[in-house]
Amino acid sequence: MTETKAVPALLRALNERTVLDAVRTEGPISRAEVARKTGISRPTVSLVLRSLLEDGLVRETAHDPDGPHYGAVYYEADPEAAVVLGVDFGARAVRAALCDLSGEVLAREEIRSRGSVEARIDALAASVRSLLRTGKVPTELLENAVVALPAVVSPIDGRVSAPDLAGLGASDLREQLEQAFRVPVTLENDVNLAAVAEQRRGLARDVADFAFLLVGAGLGAAVMLDRKLHRGHHGNAGELDAVREGRPDDVDPCAASLSQLAADLATGKDTVLEQPFEMREIFTAAEAGDAVGVAVVEEAARRIALHVLPLAATLDLPLVVLGGGVGANPALLGPVRRHLEDWLPFPAPRIEVSALGEAAVIEGALAAGVDGALERVFQRRVRRRAS
């Protein structure tokens, strides 16, 4: 008897999830279009949409303005069912944003925080309260949070390792954040989330396989294969710092190493560059023809190409996207492409700068947060119905 009852309940849950996903991705969409795209019968689609309407997960909306509607009712996901928090917990700054279930950002804020991780979490908690006020969002609508970390996050138990910021490896980090936000928190590697955002809203929307290389204060990569993150057995896929081990030469493409290179090259030279040799000034000087600036940018491109090379050689990817404070500069594209074309015996991947700029990580955190929030809301419905 239990099995007999369970099968229809499972089928109903699967149908509801399938219809909800179709409405989320394709809305505004009619019942007939949902049935055609999902393969579910029109009567079943009608029943499911009625249930989703009653629970506030979808709503009726205006028809698609680009096509005929013939009086059909159209549906879209209700963005006001919940709100999610996305956080980019960077080494130099902490960015936070709220969005609704449609992905529309309601409020965002950046904190130039210093001090311990605990102090940054306290500042972030105050920022979240400010965001809720700015976005005029009731606290109870905040469903969950996704926090991007410059660290390896285990896909098995969420354990944090190899952080670029001291203190992020604390065993109770997630608990600290959940106490501060008072909602469930998911921890994720920052570059992984940048790749998610690039796939959802950037240059990789129509690309199944690609890599995202983040070069800034730190270095990391994320690989998407068949539109899914390839994390590796221990979650270490894309940790390109290991590529430099055992080499006598400096091939570090990150900001601090390049600033030191600029300082070394500037000694005794006629250059507009001076301490502290910030990357923005180096790129500006190179664009103006400053010899030291040009040399640093050329070397940065060589070092980045050396880190793209193992990805291209082992995975034969069609696209590699560059992001971060160093990597996202278009001046690097030409020389990086030339190096790869010289080194690879087969066609090099297309190299592009992220379309999302510095917002890539936070956009990815929000996208993952929306996915998680919808899953939580949906599961509550299933449990409520079963009780």
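This is a predicted model: local features need pLDDT of at least 70, side-chain atom pairs count only at pLDDT 80 or more; totals for chains, interfaces and linings use all residues.
Residues are numbered from 1 along each chain as its sequence is written, and side-chain values use heavy atoms, with hydrogens and water left out. Helices (H or I, at least four residues) and strands (E, at least two) are DSSP runs, numbered from the N terminus.

**The largest pocket**

- A pocket here is an open set of points on a 1 Å grid over the protein atoms alone, where a 1.4 Å probe fits, with protein on both sides within 12 Å along at least five of seven lines; lining residues have an atom within 4 Å of a point.
- The largest pocket holds about 1,200 Å³ of space, where a volume is the space filled by probe spheres set on the points, and grid points are joined across faces, edges and corners.
- Its lining has 45 residues, and Gly216, Ala217, Gly324, Gly325 and Glu358 are the closest to the centre.
- Elements that give two or more residues to this lining include helix H6 (190-201), strand E12 (219-225), helix H7 (255-266) and helix H12 (360-386).
- Helix H8 provides the largest share of the lining, with 5 residues.
- By class, the lining has 22 nonpolar, 11 polar and 12 charged residues; Ala, Val, Leu, Ile, Met, Phe, Trp, Tyr, Cys and Pro count as nonpolar, Asp, Glu, Lys and Arg as charged, and the others, Gly among them, as polar.

**The second largest pocket**

- Here the volume is about 560 Å³.
- Arg24, Leu101, Ser102, Gly103 and Val370 lie nearest the centre, out of 21 lining residues.
- Helix H1 (2-26), strand E3 (74-77), H6 and H12 each give two or more residues to this lining, and H12 has the largest share, 5 residues.
- The lining divides into 10 nonpolar, 4 polar and 7 charged residues.

**The sheet and its helices**

- Five strands form an open sheet in the order E6-E5-E4-E7-E10, with mixed pairing; two strands pair if DSSP finds at least two bridges between them.
- Strand E6 (105-111) and strand E10 (185-189) each have a single partner strand, so one side of each is left without a neighbour in the sheet.
- From one strand to the next, the twist averages 15°; axes are lines fitted to C-alpha atoms, for helices over the stretch in contact, and angles run from 0 to 180 degrees between N-to-C directions.
- Strands E4 (residues 83-89) and E5 (residues 94-100) run antiparallel and are joined by 7 bridges; Leu85 has Leu98 in E5 as its bridge partner.
- Helix H5 (residues 173-181) packs on the sheet and touches E4, E7 and E10, making about 130° with the direction of E10; contact means heavy atoms within 4.5 Å.
- H6 also packs on the sheet, touching E7 and E10, at about 90° to the direction of E10.

**Backbone spots worth a look**

- The peptide bond from Gly27 to Pro28 is cis, with omega near 0°, and Pro28 is in the loop between H1 and strand E1 (29-30).
- Gln275 and Pro276 are also joined by a cis peptide bond, with omega about 10°; Pro276 is in the loop between H7 and H8.
- Lys136, in the loop between helix H4 (117-134) and E7, has a positive phi near 55°.
- At 76% relative accessibility, Lys136 counts as exposed; buried means under 20% relative accessible area, exposed over 50%, partly exposed in between (1.4 Å probe, protein chains only).
- Arg227 has a positive phi near 70° and counts as partly exposed at 41% relative accessibility.
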